[in-house]
Amino acid sequence: MTFSLPGFDLDSFVQATLAEDLGDVGDITSAAVIPAEARFTGVMDSRDAIVVAGLGIAEAFFRALDPDVRIELLVEDGQKVAAGTDLMRLEGRARAMLTAERSALNTVQHLSGIATMTRGYVDKILGTGATLLDTRKTIPGLRLLEKYATRMGGATNHRMGLWDAAMIKDNHVAVAGNVAAAVGRAKAAGIQRIIVEVDSIDQIEPALAAGATHLLLDNMDPPSLRGAVTLVGGRVPTEASGGVRLDTIRAIADTGVTYVSVGRLTQSAPAADIGLDFVATR
């Protein structure tokens with residue numbers, strides 16, 4: 001498997017991550033304890049039920065330190081697996097495998113944690129017609145990977161950065177003077193996608209009249225969301241956002257909104273419990 005993600009430099013990521021771990025002197029433990037000729041055969045497995053993400057990146061860490069390592073990927077990214085499932089088998093130079101272990105596991109644990117939480121939210125809104133979106137609430141430098149993980153969990157990526165759509169929020173409105181003025185300036189600048197955050201029903205018509213192409217309905221309860229959706233009447237997509245939790249998302253999605261965005265997918269997902277264990281060979 002070769003992991004490829006548009007805009008993501010896998011080699012640079014692997015080298016920078018390993019350099020952070022190795023410092024100036026390298027893995028002193030493995031160098032001291034493990035004979036140079038020793039081999040390591042191991043299995044990476046999940047201790048919990050998870051949705052897998054990042055196995056190809058883990059493979060890249062091991063290959064960076066031992067190009068001749070033998071790796072067998074046993075599942076695919078995006079696959080939901082039961083606790084105790086073997087994810088990867090590998091056999092290579094022991095020093096290299098143990099040096100790469102933490103970087104490989106950290107990446108798979110983090111991304112699988114995001115994918116697993118995302119799948120839980122996706123499952124909650126099945127049948128409502130609403131689509132789950134992620135946000136820009138990502139760890140700096142890891143946005144492409146974290147948004148990849150939400151896709152593996154079943155979400156749709158929304159706004160990769162500040163460059164792909166105008167997103168007019170309350171502070172933009174405050175500085176511009178009002179919603180209509182802010183939207184009008186974005187439209188005059190030639191921006192095609194103009195998303196407007198509204199936190200009250202009375203902002204909807206001015207935003208639409210000025211040229212909004214997408215409304216973000218911020219921190220509204222389900223009755224308010226239903227009223228907003230009715231008022232919009234399908235003229236533009238609607239997105240519910242703000243404080244969405246697993247126990248509230250179904251009621252929010254049932255209001256008829258087009259999208260529900262959840263920041264905690266990338267902001268608060270716990271790492272998946274995944275380990276790498278040595279397997280003795282005869």
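The protein contains eleven helices and twelve strands. The model is a predicted one, and every value given here is computed from it.

**Overall dimensions and surface**

- The C-alpha trace of the protein spans about 75 × 35 × 25 Å along its principal axes.
- The protein has 282 residues, and 48% of them count as buried.
- Its accessible surface amounts to about 13500 Å², and carbon and sulfur atoms account for 52% of that area.
- When contacts between residues at least 6 apart in sequence are considered, 69% of them join residues at least 24 apart.

**The six-stranded sheet**

- An open sheet is built from six strands, arranged in the order E6-E11-E10-E9-E8-E7.
- The pairing within this sheet is parallel.
- Strand E6 (131-133) and strand E7 (166-168) are the edge strands, and each of them pairs on one side only.
- From one strand to the next, the twist averages 25 degrees.
- Within the sheet order, E10 stands beside E11; strand E10 (residues 238-241) and strand E11 (residues 259-261) run parallel and are joined by two bridges.
- Glu239 has Tyr259, in E11, as its bridge partner.
- In general terms, the strands of a sheet pair through backbone hydrogen bonds, in either a parallel or an antiparallel manner.
- Helix H7 (residues 179-188) lies across E7 and strand E8 (194-198), and the helix runs at about 170 degrees to E8.

**Salt bridges**

- Twelve salt bridges are present in the structure.
- As a general principle, side chains of opposite charge can pair when their charged atoms come close.
- Asp254 forms a salt bridge with Arg250, and their closest N and O atoms are 3.6 Å apart.
- Asp254 is partly exposed, with a relative accessible area of 46%, and Arg250 is likewise partly exposed, at 34% relative accessibility.
- A network of salt bridges with shared partners joins Asp45, Arg47, Asp273 and Asp277.

**Arg47 and its partners**

- The side chain of Arg47 meets that of Asp45 in a salt bridge with an N to O distance of 3.3 Å.
- Arg47 also forms a salt bridge with Asp277, at 3.0 Å from N to O.
- Asp277 belongs to strand E12 (residues 274-278), whereas Arg47 is in the loop between strand E1 (39-46) and strand E2 (50-51); the pair therefore ties together parts that are 230 residues apart in sequence.
- Arg47 counts as partly exposed because its relative accessibility is 36%, a value between the 20% and 50% cut-offs.
- Asp277 is also at 36% relative accessibility and so counts as partly exposed.
- Asp45 counts as buried because its relative accessibility is 14%, which is under the 20% cut-off.

**Thr107 in helix H4**

- Thr107 is located in helix H4 (residues 94-124).
- With a relative accessible area of 9%, Thr107 is buried.
- Leaving aside residues up to four places away in sequence, Thr107 touches Phe13, Ile57 and Phe61.

Technical notes. Residues are numbered from 1 along each chain as its sequence is written. This is a predicted model: local features need pLDDT of at least 70, side-chain atom pairs count only at pLDDT 80 or more; totals for chains, interfaces and linings use all residues. Side-chain values use heavy atoms; hydrogens and water are left out. Two strands pair if DSSP finds at least two bridges between them. Helices (H or I, at least four residues) and strands (E, at least two) are DSSP runs, numbered from the N terminus. Axes are lines fitted to C-alpha atoms, for helices over the stretch in contact, and angles run from 0 to 180 degrees between N-to-C directions. Contact means heavy atoms within 4.5 Å. A salt bridge is a side-chain nitrogen of Lys or Arg within 4 Å of a carboxyl oxygen of Asp or Glu. Buried means under 20% relative accessible area, exposed over 50%, partly exposed in between (1.4 Å probe, protein chains only). Accessible areas come from the Shrake-Rupley method with a 1.4 Å probe; for residues, only the protein chains shown count as cover.
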